[in-house]
Amino acid sequence: MYIVVCCRNNLDSGGSMFLKVYSITILLLDLLSLIVKVIFAILESIFQTFTGGAEKSVVNEIVLVTGTGHGIGKELAHQYASLGAIVVCWDINQEQNDETVQELRKIGCKAYGYKCDVADRDSVLALALKVKEEVGDVTILVNNAGIMPCHPLLQHNHQEIRKIFDINVLAHFWMLEAFLPSMIQNNRGHVVALSSMAGVMGLRNLVPYCASKYAVRGLMDALNEELREDARQIEVKFTSIFPFIVDTGLCKKPYTRFPFLLNFVPAKKAAKAIITAQRRNYSEVSIPGILLHLNSVLRLLPLKAAQHLKDFIDSGVDSDTT
Ligand SMILES: NC(=O)c1ccc[n+]([C@@H]2O[C@H](COP(=O)([O-])OP(=O)(O)OC[C@H]3O[C@@H](n4cnc5c(N)ncnc54)[C@H](O)[C@@H]3O)[C@@H](O)[C@H]2O)c1
């Protein structure tokens, strides 16, 4: 009896020893593969920084841009169209949107215009069906429409705060609800979202706006992760854009101490940077490009040190009510 128990104990401890060695080996192999992948990703990123990377064609892609009546959206419509894409223009302002569409048609581009308040879920979903019927499946969606009321928090009334969130955040959800399913089904597509440098750092006079742009960033990061981890290996790409100040008039009273570092970018240049980022499958890009890197460095510093640096750079927006 004693001998049998001893043998069983030896077998048990031999088995558990084998299991331990096995799991340590698996862990070491996992670690090795992780190190190789991380080094490869760093090298790939350095290579991309210097070479730029290949740009996907957008010829005959159906590109829907919101907010095409003015500013960055209008420029995006023009540049996508000139690259051979079929452009679908949505804006709440019918007159200005029609103007964009007419300009594109005059130069022989394929463009379709629709009036839509992107904050109105029912309108978005109904119009999406119409676009599918009249144009086809949208393959590139650019959630661009946005508003930027700019004053101290306690001067914002609750209707204004709701409106900022309706247009700048919830509209992205309704547009995704309308267009993401067909992209997933066709296993191709690209979603671009306009966040802002105000979605990366807090800025005075822009509390609700900053909150809305942080939300867009969170939405895009999480959605990107959700699809990346999806077992179906879905080939839908996501690009978040973080402009500082683009010269469209949206930002009423911008100021900058160092224009060579933080200049007000023309809408044409911003649109070009956005399209390049989308065509190169970048997951995020700031305009100017240096700003996201600068922000990463700032984040390494203690808060007070970062605040001193921010005060020294002294750039932002004044209230639109004074
Ligand atoms: N201009 C900047 O300095 C700046 C900086 C950072 C981020 N952004 C972001 O870039 C995007 C575009 O900005 P812009 O400067 O071109 O603005 P813009 O005001 O020049 O143009 C915005 C367009 O969106 C349309 N729009 C507004 N509300 C809408 C709604 N509910 N439904 C449909 N269309 C609507 C407007 O009619 C207008 O044609 C915005 O999301 C903005 O927050 C701009």
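Let me start with Asn-295, which touches Met-197, Val-200 and Met-201, leaving aside residues up to four places away in sequence; contact here means heavy atoms within 4.5 Å. Before going on: this is a predicted model, where local features need pLDDT of at least 70 and side-chain atom pairs count only at pLDDT 80 or more, while totals for chains, interfaces and linings use all residues. Residues are numbered from 1 along each chain as its sequence is written, and side-chain values use heavy atoms, with hydrogens and water left out.

Asn-295 sits in helix H8, residues 290-300. Helices (H or I, at least four residues) and strands (E, at least two) are DSSP runs, numbered from the N terminus. With 10% relative accessibility, Asn-295 counts as buried. Buried means under 20% relative accessible area, exposed over 50%, and partly exposed in between, with a 1.4 Å probe and protein chains only.

Next, the sheet. It is open, has seven strands in the order E3-E2-E1-E4-E5-E6-E8, and its pairing is parallel. Two strands pair if DSSP finds at least two bridges between them. Strands E3 (111-115) and E8 (284-287) are at the edges with a single partner strand each, so one side of each has no neighbour in the sheet. From one strand to the next, the twist averages 15 degrees.

Strand E6, residues 236-243, pairs with E8 in the parallel sense over four bridges. Phe-242 stands opposite Ser-286 in E8.

Now the helices on the sheet. Helix H6, residues 207-228, packs on it, touching strand E5 (189-194) and E6, and its direction makes about 160 degrees with that of E6. Helix H3, residues 94-106, lies across strand E2 (86-91) and E3, at about 175 degrees to E3. Axes are lines fitted to C-alpha atoms, for helices over the stretch in contact, and angles run from 0 to 180 degrees between N-to-C directions.

Then helix H5, residues 158-186, which holds Ala-171. Is Ala-171 buried or exposed? At 3% relative accessibility, Ala-171 counts as buried. Val-118, Ala-119 and Asp-166 are what Ala-171 touches, again not counting residues up to four places away in sequence. Ala-198 is 27 residues from Ala-171 along the chain, and their C-alpha atoms are separated by 18 Å.

Last, helix H1, residues 2-51, where Phe-50 is found. Phe-50 has 71% relative accessibility, so Phe-50 counts as exposed.
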